[in-house]
Amino acid sequence: MPEHDTVDLRSHNARELPAGAIEHHSVQLFFSTEINERLDKIFADKPPEARKAFDHILEQNFFNSQSTYTDEERATLVEVGLTQGKYLADQYMADENAAEFLDTLHLLAGVAKTRKVDPATGSISYVELPQKPHGAPNDYVNPSKLMERYDPEAYKKMQAATTNQTEKVSMLIQFVKKLQHRPDWISQYRNEQATLLSDLKNTKIANRFENVNTKDATEFVRQINTRAENASFSTFTPLLQTNLASFMKILTKKTS
């Protein structure tokens, strides 16, 4: 066998990357066409770092995928996320724009509170917001969702026909014809969706950071850190401090 040159890396010091060389960029989560279009409109004329900071709130505070966090830690991250959102509103938005943003923020916090874990698979799920295509009327109802709810056997067959689009469309059309004789299904589904949205918008979230000063950056950071150190959840104060530091770092790093 031919000989190969080898290099022993054990005798060399590993090259260290400078601090901040690797940055994490939060993805923009999708909730519904309406919600995402609203957010795009709100942030359209805002600095890029404002949208990045908001995406950080969603990914790190509301919908964090870390499986080792306790329920209390998740609840506290949501509270801090709501206060960070208030900071964004006060720093970057006019009154009307801010009100719409904060309403949307609270709605998404309500969605975060519906988190469930399947004990068998460990998979995470949240309640699904009502969906409608761009430009659809307010009373739009997705026939596939109705089919899943009121004719589950037909829905399973349609889902199984993954390679035959013609068959899937034909089955959906047959169900739509059935809907013409069951207006009660549509009415009940619309009422349930309206109730769901109302419940999410009115989700009660006690926020121990609610009265933090969001007008001044220095006081904002100081007051959150002070409350994190002095409160009953001080055992995971480092988690909150790291979360806050990441949020502020995004806002202080201007995007060219």
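Author: Of the 256 residues in the chain, 36% are buried, where buried stands for under 20% relative accessible area, exposed for over 50% and partly exposed for the range in between, with a 1.4 Å probe and protein chains only. The model is predicted, and local features therefore need pLDDT of at least 70, side-chain atom pairs count only at pLDDT 80 or more, and totals for chains, interfaces and linings use all residues. Residues are numbered from 1 along each chain as its sequence is written, and side-chain values use heavy atoms, with hydrogens and water left out.

The chain contains 10 helices and 2 strands; these are DSSP runs numbered from the N terminus, H or I of at least four residues for helices and E of at least two for strands. In sequence order the elements follow the pattern α-α-α-α-β-β-α-α-α-α-α-α. Among contacts with a separation of 6 or more, 66% join residues 24 or more positions apart, a contact being heavy atoms within 4.5 Å.

Five residues of α8 are named as buried: Trp185, Tyr189, Gln193, Leu196 and Leu200. Seen down the axis of α8, these buried residues fall within an arc of 65°, so they line one face of the helix; the arc is taken from the directions from the helix axis to the C-beta atoms. An α-helix has 3.6 residues a turn, so residues three or four places apart point the same way. Against what does the buried side of α8 pack? Its buried residues pack against α4 (95–112), α5 (143–150) and α7 (165–179). The face turned away from the buried side carries the exposed residues Pro183 and Lys201.

Two packed helices are described by the angle between their axes and the distance between the axes. The axes of α1 and α2 come within 10 Å and cross at roughly 145°; axes are lines fitted to C-alpha atoms, for helices over the stretch in contact, and angles run from 0 to 180 degrees between N-to-C directions. Helix α1 contributes Leu39, Asp40 and Phe43 to the contact, and α2 contributes Ala50, Arg51 and Phe54. These residues divide into 4 nonpolar, no polar and 2 charged, with Ala, Val, Leu, Ile, Met, Phe, Trp, Tyr, Cys and Pro counted as nonpolar, Asp, Glu, Lys and Arg as charged, and the others, Gly among them, as polar.

Rings of Phe, Tyr and Trp (its six-membered ring) pair if their centres lie within 6.5 Å, and planes under 30 degrees apart count as stacked, over 60 as edge-to-face and the rest as tilted. Phenylalanine 31 and phenylalanine 63 have ring centres 5.5 Å apart and planes at 45°, so this pair is tilted. The pair links distant parts of the chain, since phenylalanine 31 is in the segment before α1 and phenylalanine 63 in the loop between α2 and α3 (71–92), 32 residues apart. Phenylalanine 31 is buried at a relative accessible area of 11%, and phenylalanine 63 is buried at 13%. Phenylalanine 43 and phenylalanine 101 form an edge-to-face pair, 5.7 Å centre to centre with 90° between the planes. Phenylalanine 43 lies in α1 and phenylalanine 101 in α4, so the pair ties together parts that are 58 residues apart in sequence. Phenylalanine 43 is buried at 6% relative accessibility, and phenylalanine 101 is buried at 1%. Ring pairs also link Phe31, Phe62, Phe63 and Tyr126 into a cluster.

Two single residues complete the account. Serine 32 is in the segment before α1 and is buried at 4% relative accessibility. Beyond its neighbours within four places in sequence, serine 32 is in contact with Leu129, Pro130 and Gln131. Lysine 86, in α3, is partly exposed at 32% relative accessibility. With neighbours within four places in sequence left aside, lysine 86 is in contact with Leu102, Leu105 and Thr214.
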